[in-house]
Amino acid sequence: MLFTDSESLRLEALYQYCILDTPPEEVFDDLVNIAADSCNTPIALISILDSQREWFKSKVGISELEIPRDICLGIHTIGQNDILIIPDTWQDERFVENPLVRQKPSAFRFYGGVPLINSEGFALGCLAVIDFTPRNLSLKEQQILQRLARQIIRQLELHKKRINHESSFNAHLLFTNNPRPMWICEMQSLQILDVNQAAITQYGYSKTEFLQMQFAQVFVPEFISDLIRDIEQEYSQLPFLMECQHRLRGGQVIDVELAINYIEYSGYQACLVDTINITEHIQIERNLQKSEARVRTILEAIPVPLVISRVDDGLILYTNSEFLQTFQLSGNDLINHYAADLYENSEDRQQILEALSQHGSLQNYDIQFKKSDGTSFWAIASIQYLNFNNEYAILTVLYDITERKNIEAKLQEQNALLQSIFAGIPLMIALISPEGQVQWINQELERLLGWSLRDYQTLDIFAELYPQPEYRQSVIKFMQSGECIWGDFRTQTRYGQVLDTSWINIKLADGRIIGIGQEITERKQTERALKGQIEREQLMRAVAQRIRQSLNLQNILNATVKEIKDLLGVDRVVVYQFAPDMSGKIVAESVKPGWKIALGADIQDNCFQSGAGADYCQGHKRAIANIYTAGLTDCHLHLLEQFQVKANLVVPILLEVSEGNTVPQLWGLLIAHQCSTPRDWEAHELDLLDQLSVPIAIAIQQSSILQQAQNELAERQKVEVRLRSALAEKEVLLKEVHHRVKNNLQIVSGLLLLHSQTLKDPELIRTLQESQNRIESISMIHKNLYTSPNIGQLDVVDYVNNLATSILISYQLEPGRISLETHIHPVDLNLDQAIACGLIINELISNSLKHAFPQNTTGAIKIDLQKVDDKIEMTIQDNGIGLPDNLDWRYTDSLGLSLVHDLVTEQLEGTVSIERQPGTTFKIQFSH
């Protein structure tokens, strides 16, 4: 990309900040959050623009780290000196084709950006706020953004200063802590200006002594003139290298190699001297020269061919006798003989030189050579660089492998034959290593699945073939088992197509596996079609059977939509019913967990009222693979989006009005929804829905007939009501009977009270009081009945509360000592059941008051009465001391407990159980 001079300068200034691709920092994150909060936008970001991209230093509301420079909006911001506001990007011609602006549903509709301009006047990037709807910024919001932009520039300047400081500090550390001796000297006088610790340690001088010396003073005298000459000659070409000798403070002389570089140091033109001690290296060179003669003798004794040739032109410098014998050469033949003449293929030498320069040495390198008589042979070569007579040379050692190559050629012929056989077999074949690496595939496998052998060896191929992790693991497990059985799998090709394949694995002795497969897509499609046909027929029979067995339309619809959802594997199936004005509601639904429930939702839809459903009246059905590409009206699209729909199937439910009318009535729609992704529907899926609409219509018509019959029954019931009203007069007589019974029971209760007042014996008084309470419990029932508006209805709640309160009052307890808590549900009890329950409550409360709370202790009594399934359950509970453990309450001398047992088991025909801890709980159940 070509840039203007000003843009090149801007980029140069930007790179000095070293801010690109740095980790997030809290100070920038805080500033960008303030920008988003102040402007009330979902997106805010700090971006830096380099030559290729807009990179985000900090961001809110987006996940991208960067975007290409050619589509970013920040490029327009840095082109001006003030804030850039674009109220509606759709109205700006600059962004007609910009994907950030046009891509729904996250299109950038509003943009506001402030350039981040440094002190040199360069815009490094911008602070921007973005919204998904058109809007504008108030003057206050603009001022806040500009102030924040200035804060960001200050933070960038601080970052730049910190980087520069660290760079200088690192350079100083590199000089000071370098393990090699280093000096800084003034260029003309060679006065030492600075020295590192390694020089002080290795040379024996202190730093103070070094700073009073000239650099030439550490040289052996015969090298000083070379130093001065080299500095004067090489001044314009610094850095340069020289070898010389230095004398340490203790007098020891060492060989060194100097690297001298020109620098500026504290206002001086100076040179930086980096020193390497090469004393040991020089000594090694001398020893090598001494041993060269011995090496020649050894080379001659080596029983394999070897040759030494010059690197530059390949001239043969030396060979041993084994080499001459192998190549059928004499010593005279080697005069001006070049290594390139030894190769069967002339380009081999150049390839070897390139490989040698890359790796430094080559081992077991196969090369074909030619002899002097024109015949060729194969050899493995070991090749490396060496210094031979002070010339840069190559040593090549050869091992004849001609026989092995002949065997390999035969094996290759056999492999080629096998591969040609495998290529012609209409089966997929793959060879897999014990580690799961694909080593070879045949052409049929590559043709069907689309991937080459290189793809199998470089990609995670099983993740491509089987994207679902759990399914992929099952495939790998099947493959590794090596069982000689066929397994069927759904395999994805390189082009996204899913094929049905069947595989069998053969495990070899060395652990490798041969996989043999065949495509069975057509067979599987036939099997799935047959299975789908069977399932559809079963579903049709089930729906028809349900219609015959039940006249409850809602139960039929609920069961049908659930079975359709499970069979088609969709996310939701609903039945939508039209009203006379073509508005509608959902009357049955089956939906997978996680998706919005449509049943009972308030549906505001004017599409059908405006005539959009006319086609459905004609029996038309519809399969929509993607609602956004189906050309739907806006109102229809909005309705589907409301319920997360991506694709759907729709068939009408038509009712036959009458035999003479051939135009059916549109009752509603049977609809299948795919909410997770768009879906390409198959024809049989739409046919299934269409076929099921017929029995649903039959069920609706049968339900309508049932409704008519129920209406007729209701009329008959009204007649019965009028007949029953004639019996109302009898209720008056019954009330009079209950009233007189109550009065007589009250007289008996009063006589017992009067008699108890004449007695002295407390036990007799208590016995009369208990009998009085029992009579009162029966009397209250008759009172409740004759005061009730309906002679046949007993107010159980009022009766139990009044009875329990009356019993507590009769015992004249201290206020607040015993609390009473009742939970009485308005259950229906007949007269016999009510009398029995009242007597039981009287006996158990009286028993608790007498025995559960001794010595005036406080406590609580709780009564529960409710309906549980088809039973009535009554519980009387106290938190007193409880019944003795050795007491069998069913066989006791207590009249009260015996009465409770007989009332429950004989009159109520129920059961009673007791819990002793904590307190005492009687739980009584009897049929309703």
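Visitor: Why does Leu417 count as exposed?

Guide: Exposed means over 50% relative accessible area, buried under 20%, and partly exposed in between, with a 1.4 Å probe and protein chains only. Leu417 has 52% relative accessibility, so the residue counts as exposed. Please keep in mind that this is a predicted model, where local features need pLDDT of at least 70, side-chain atom pairs count only at pLDDT 80 or more, and totals for chains, interfaces and linings use all residues. Residues are numbered from 1 along each chain as its sequence is written, and side-chain values use heavy atoms, leaving out hydrogens and water.

Visitor: Why is Lys140 called exposed?

Guide: The relative accessible area of Lys140 is 61%, so Lys140 is exposed, since the label asks for over 50%.

Visitor: Which helix holds Lys140, and which one holds Leu417?

Guide: Lys140 lies in helix 5 (residues 139-176), and Leu417 in helix 12 (residues 402-424). Helices here are DSSP runs of H or I with at least four residues, strands are runs of E with at least two, and both are numbered from the N terminus.

Visitor: How do you know that strand 17 and strand 21 pair?

Guide: Two strands pair if DSSP finds at least two bridges between them. Strand 17 (residues 428-432) and strand 21 (residues 513-519) have 5 bridges, in the antiparallel sense, so by that rule they pair. Within this pairing, Met428 has Gly517 of strand 21 as its bridge partner.

Visitor: What joins strand 20 to strand 21?

Guide: Strand 20 (residues 498-507) runs antiparallel to strand 21, with 7 bridges. Lys507 stands opposite Ile513 of strand 21.
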